[in-house]
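Visitor: I have a structure open and a few things to ask about it. Can we go through them one by one?
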Amino acid sequence: MAKFTRRRFVKGAAILPLAAKHMALQQVTGASDRFDIVVAGAGHNSLITAAYLAKAGYRCLVLEGRPKIGGGVKTAELTLRGFHDDCCSTAHVFIQDNPLIKNDELKLGDYGLEYIDPDPIFHVPFPDGSYLTQWRDLDRTCAEFAKFSKKDAAAYRKMLADLDAIRPLIVAGSFTPIGFGKPLNDQLAQVPHGKLWQRRLAMSAWDVIHDTFEDDHCRTFMLYMSHLAAEPPDAPVTGRLAYGAPRQQHSGRPLPKGGSGALTEALGRFIEAHGGTIVVNKWVKNLIVEGGKCVGVECSDGSAYQASKAVVSTIHIKHLVDMAPREMWGEDFLYGVETWQAENAMFATHYATSEPPIYKVDGGTLSPVESGVLASPYRALRFGFDDTRGVVNLEEPPLQVICCSIADPTRAPAGMHTLKVLGWQPYMLKEGPEHWDKIKYDVSDANLKYLRRFAPNLTDDKILARFVESPLDLERMNPHFWHGSAHGGAQSAAQTGPLRPMAGWAQHRMPIAGLYQTGATTHPGGSVTGGPGRNAATVMLKDFGTSIEEVVGKKA
Ligand SMILES: Cc1cc2nc3c(=O)[nH]c(=O)nc-3n(C[C@H](O)[C@H](O)[C@H](O)COP(=O)(O)OP(=O)(O)OC[C@H]3O[C@@H](n4cnc5c(N)ncnc54)[C@H](O)[C@@H]3O)c2cc1C
């Protein structure tokens with residue numbers, strides 16, 4: 001039986017309304033008003049940066065192009081009234097290790113954030129009728145591996161123990177700005193078995209999983225959990241992704257009550273409660289540069305806003321470099337942007353349904369919040385190949401299936417469900433990305449047809465409405481998803497750590513003085529980690545002569 005636990009950080013104060021939520025700026029403030037910080041774009045990362053800066057006492061103005069804040073962490077009625085769909089992200093896994101949440105630094109519970117911890121964590125049914133379910137209980141999960149191979153069950157347990165031994169180092173690496181501590185490799189060299197980890201992290205996820213597990217069902221499950229970050233599993237330096245399932249064995253895959261957007265709404269309330277202003281429907285078009293320093297932004301409606309201390313951007317670097325004269329960026333940075341590679345894009349269909357997916361399991365059925373289908377380990381190896389060729393591959397399409405309303409009834413009317421079905425397809429089709437407008441409904445139909453092989457109850461009469469987002473639609477919705485990149489761009493060897501977005505500029509300080517960059521194009525990259533957001537705040541607060549520890553009340 002599936003079960004759920006709820007977690008609220010702090011009991012207490014009444015939740016404040018998001019006051020300025022969607023007012024036009026003119027109602028809130030005149031264009032002549034001055035701010036210390038102007039934040040361009042309101043994804044969860046830039047909101048986190050703004051929240052720490054606002055807590056430090058800086059007057060922040062956040063400008064968001066869309067009618068609603070949140071970017072990839074947003075919930076809206078996409079299908080029918082009363083059905084609250086997560087437009088993009090649902091699972092808030094990695095952010096659980098961020099001191100923001102782990103140490104409750106901003107007490108976001110007081111601003112409406114509450115997490116639900118579904119159990120099982122993840123369920124993968126296989127084409128031969130067997131399945132592997134990950135439960136919060138380790139022994140129960142190992143028993144699932146043991147159905148296929150006792151050796152693999154032991155291997156999974158060992159992977160978790162190995163990871164636990166160095167987990168603090170790996171986690172700290174994500175939530176420390178580049179250059180603020182020793183590089184992970186140097187730290188690993190000094191701890192027991194660290195050298196072994198140096199090798200593992202440089203390997204591909206496929207090599208780690210193939211060598212560690214003997215059974216193809218177990219390999220498929222492990223590869224599935226490694227691919228959720230949208231990197232081809234056989235690419236070098238993806239070894240860390242092989243630890244996707246062990247990593248979430250402790251954290252689970254929590255989801256905010258009410259929708260993924262509850263995080264960004266809580267951050268918005270926090271910023272406003274600390275004197276900040278948030279304005280939507282404001283597309284930033286240009287940076288204002290005076291005397292070589294970025295001192296504000298201009299918006300597409302002609303308005304302009306000055307920042308006395310700094311501008312923080314979460315605009316995609318491919319667009320950012322067009323917002324100031326090219327010579328201001330320098331050749332090296334421009335080269336980094338020109339050579340920046342997109343990732344394997346996502347394809348989403350949102351449904352309003354009268355039933356959740358129902359999977360057959362021993363002795364009954366299971367309806368988990370999250371499940372995924374992947375026919376074999378070898379199918380996962382086609383991701384990179386199909387992407388390179390620009391070919392939509394609908395043969396046994398790997399899918400992620402998310403039904404939040406099972407654990408969170410606030411998401412849909414009584415007895416109804418929100419269902420999100422995700423696939424991975426190339427953005428850049430041979431025929432050009434515009435071809436997506438012609439084929440997206442066929443691709444969505446093919447995904448559903450394949451899903452019905454595993455959850456046959458999802459017949460037409462159970463589906464009340466649907467909303468399809470092709471990779472091109474994702475980019476249209478959020479320009480930060482450049483070329484459909486849900487994580488800002490590939491997390492490849494060339495675009496990670498000190499190379500993200502470009503060697504020399506990984507510390508969030510951009511080539512133009514006074515301009516800082518956060519978001520998925522900076523370390524540690526995409527997903528709901530809040531890492532780029534908190535790391536950017538750490539760097540900025542240091543530059544302003546204070547520290548994040550001082551701001552959250554913990555002297556360093
Ligand atoms: C379908 C889908 C499912 C996903 N599922 C998950 C999941 O379950 N778990 C997970 O961890 N991750 C998931 N992700 C990835 C995750 O959503 C993103 O990596 C993450 O939201 C990136 O956050 P960010 O703060 O860096 O930027 P974004 O969320 O991309 O925010 C950038 C913001 O800036 C705004 N903006 C851009 N340009 C301008 C401009 N010129 N002027 C003004 N505003 C501008 C945008 O409108 C946007 O609001 C998913 C992504 C997709 C697409």
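Visitor: Which side chain does Thr-349 make a polar contact with?

Guide: This is a predicted model. In it, the side chain of Thr-349 has a polar contact of 3.0 Å with the side chain of Ser-444.

Visitor: Where does Thr-349 lie?

Guide: Thr-349 belongs to strand S14, which covers residues 345-353.

Visitor: And is Thr-349 buried or exposed?

Guide: Thr-349 has a relative accessible area of 1%. Buried means under 20%, so Thr-349 counts as buried.

Visitor: On to the ligand. Which residues come nearest?

Guide: There are 36 residues around the ligand, and the nearest are Glu-64, Gly-72, His-480, Ala-486 and Val-528.

Visitor: What does Gly-72 do there, in terms of distance to an oxygen atom of the ligand?

Guide: A backbone N or O atom of Gly-72 is 2.7 Å from a ligand oxygen atom. His-44 also has a polar atom by a ligand oxygen, this one in the side chain, at 3.2 Å.

Visitor: What about a nitrogen atom of the ligand?

Guide: A ligand nitrogen lies 2.9 Å from a polar backbone atom of Val-284.

Visitor: How much of the ligand's accessible area does the protein cover?

Guide: On its own the ligand has 1,000 Å² of accessible area, and the protein covers 96% of that.

Visitor: How does the shell around the ligand divide by class?

Guide: The shell has 16 nonpolar residues, 17 polar ones and three charged ones.

Visitor: Change of topic: what volume does the second largest pocket have?

Guide: Its volume is about 380 Å³.

Visitor: Which residues lie nearest the centre of that pocket?

Guide: Gln-341, Ala-342, Glu-343, Asn-344 and Asp-387, out of 19 lining residues. By class, the lining of this second largest pocket has 10 nonpolar, six polar and three charged residues.

Visitor: Now Arg-269. Which helix is it in, and is it buried or exposed?

Guide: Arg-269 sits in helix H11, residues 261-273. With a relative accessible area of 16%, Arg-269 is under the 20% limit and therefore buried.

Visitor: How far is Arg-269 from Gly-330?

Guide: Their C-alpha atoms are 38 Å apart, with the two residues 61 apart along the chain.

Visitor: Last one: where is the place of Leu-241?

Guide: Leu-241 is in the loop between helix H9 (216-227) and helix H10 (244-251). Leu-241 is buried, at a relative accessible area of 11%. From Leu-241 to Met-222, 19 residues away in sequence, the C-alpha distance is 9.3 Å.

Methods. Residues numbered from 1 in each chain as written. Predicted model: local features only at pLDDT ≥ 70, side-chain atom pairs only at ≥ 80, totals over all residues. Heavy atoms only, no water. Near = heavy atom within 4 Å. Polar contact = N/O pair within 3.5 Å; in protein donor to acceptor, adjacent residues only side chain to side chain. Areas by Shrake-Rupley, 256 points an atom, 1.4 Å probe, with all protein chains shown as cover. Nonpolar A, V, L, I, M, F, W, Y, C, P; charged D, E, K, R; others polar. 1 Å grid on protein atoms, 1.4 Å probe; cavity = no way out; pocket = protein on both sides within 12 Å on 5 of 7 lines; lining within 4 Å. Points joined across faces, edges and corners; volume = space filled by probe spheres on them. Helix = DSSP H or I, 4+ residues; strand = E, 2+ residues; numbered from the N terminus. Buried < 20%, exposed > 50% of the residue type's maximum accessible area, 1.4 Å probe, protein only.
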